[in-house]
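Me: Please go through this model with me, taking the ligand surroundings and then the helix packing.

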Amino acid sequence: MSSGNASNVPGIITCKAAVAWKAKKPLTIEQIEVMPPQKGEVRIKNLFSALCHTDAYTLDGLDPEGIFPVILGHEATGIVESVGEGVKSVKPGDYVIPLYIPQCYQCEYCKNPKTNLCQAIRVTQGQGTMPDKTVRYKCQGKDVYHFMGCSSFSEYSVVCEISLCKIESSAPLDKVCLLGCGISTGYGAVINTAKVEAGSTVAVFGLGAVGLAVIMGAKQVGAKRILAVDMNSDKFELGKLYEEVIMTYASNILVIFLLAKQFGATDVLNPKDLKDKVPAQQYLVENFDGGFDYTFECVGNVEVMRTALECAHKGWGVSVIVGVAGAGQEIKTRPFQLVTGRTWKGTAFGGWKSRDSVPKLVQQVIDGSLKLDGFISHKFPFEQINEAFELLHAGKALRIILTNSTDASISS
Ligand SMILES: NC(=O)C1=CN([C@@H]2O[C@H](COP(=O)(O)OP(=O)(O)OC[C@H]3O[C@@H](n4cnc5c(N)ncnc54)[C@H](O)[C@@H]3O)[C@@H](O)[C@H]2O)C=CC1
Ligand SMILES: N[C@@H](CCC(=O)N[C@@H](CSC=O)C(=O)NCC(=O)O)C(=O)O
Ligand SMILES: [Zn+2]
Ligand SMILES: [Zn+2]
């Protein structure tokens, strides 16, 4: 790797990255060139990054904004390597979490307490570039696009200063990467978006890390009944999935794999078990006191979104869409469902204003009030990234942490 020069101006870094050249094809580990950070930009060394379903969705060609070749990845912890002109909030050596929803503090969205959707760089971020409409990555002489403003499946990446938060150096860096997306999203969906009250009833569809974080949040706020729904019954109990994972990937498994019930679910349902093909919403309304106070869709399936809305309680039930549906998909229901008092909402990053909130969530991890271990099923070296995608697709993993850098150290 070559870095820097005699005048202290950062130079091009040559390092490894997992490049997605095309949709639906495995990533390839390549030598890439990472340009120096420009005005308002920061170059970071990614230490740990985790896979989110949204990375798989984009690699599968389902994202209308998907663009290739690209470096995916958006749940990471890193260390600042160099900063561009004008950068004040971080300096080389600071530990950081990249944020796919930035916080500029200046746009009308940042000034509005009702939203976390800073729009300062949204257009160019969606086009896979930095705000000046150019990219900072090259591979085999070709430009490679950025992803969600993060591209953490690279040893080094360049991100906007407004897309970074500085975190405590004492944080467990190999775990708090999860706060860059999935766990913050599920937890925030409960706390910020739905504002679930103690004593509520809750149904959660989809028991990946996002859905399990919803369950964790619902339990924390004192929900009295939490139904966990998944087509994969292995997600309900500590056991079956765990045993299979141990047998297959014995060298990589962590001995912490808590599933729906361990997170706080009081009831579980596999819709495949419903007799006589009764629609799931009908079954749920009939068997759960007319429906739930709050429901959360954490799958990305528009049929499930409809079920989640229609099993929210008549008169007051609120259904939150968390899952991201594929290009061309649309939601539908009878308007009568809304006329009769159900509310349909959505959430991005759990409603957290990112730079203000993520350092506080990290602090909660440090003080032990927010626990992340149960969301981590595997830790792999970065080079095993394709195996990690296969496990996620097969429903045999929650969050898989990739160790991006040889000098990253793992907390106990
Ligand atoms: N709105 C936001 O800000 C964010 C949205 N997401 C989205 O949230 C969703 C969940 O993400 P992860 O937990 O990472 O995914 P995951 O792939 O780990 O988990 C999804 C779960 O849904 C289950 N599932 C699949 N089909 C189902 C069905 N018909 N009914 C019930 N369960 C079903 C799977 O078995 C799996 O357990 C994805 O769509 C992802 O793109 C993720 C992060 C942030
Ligand atoms: N690019 C897609 C939409 C993808 C999407 O909805 N992303 C979520 C985060 S998913 C994280 O894992 C999100 O927060 N979106 C807000 C945003 O401004 O993109 C499409 O074009 O439909
Ligand atoms: Zn994500
Ligand atoms: Zn803003």
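**Ligand shells and helix packing**

Reply: Of the 32 residues around ligand 1, those that come nearest are His53, Gly206, Gly208, Val210 and Gly300; a residue counts as near if its C-beta atom, placed from the backbone, lies within 6 Å. This is a predicted model, where local features need pLDDT of at least 70, side-chain atom pairs count only at pLDDT 80 or more, and totals for chains, interfaces and linings use all residues. Residues are numbered from 1 along each chain as its sequence is written, while chains are lettered from A and ligands numbered from 1 in the order in which they are written.

Me: Which elements give two or more residues to the shell around ligand 1?

Reply: Helices here are DSSP runs (H or I, at least four residues), numbered from the N terminus. The elements that qualify are helix H1 (53-59), H5 and H6.

Me: How are H5 and H6 oriented to each other, parallel or oblique?

Reply: Helix H5 (residues 182-194) and helix H6 (residues 209-220) pack with their axes 7 Å apart, at an angle of about 40°. Axes are lines fitted to C-alpha atoms over the stretch in contact, and angles run from 0 to 180 degrees between N-to-C directions. Angles under 35 degrees count as roughly parallel, over 145 as roughly antiparallel, 65 to 115 as roughly perpendicular and the rest as oblique. H5 and H6 are therefore oblique.
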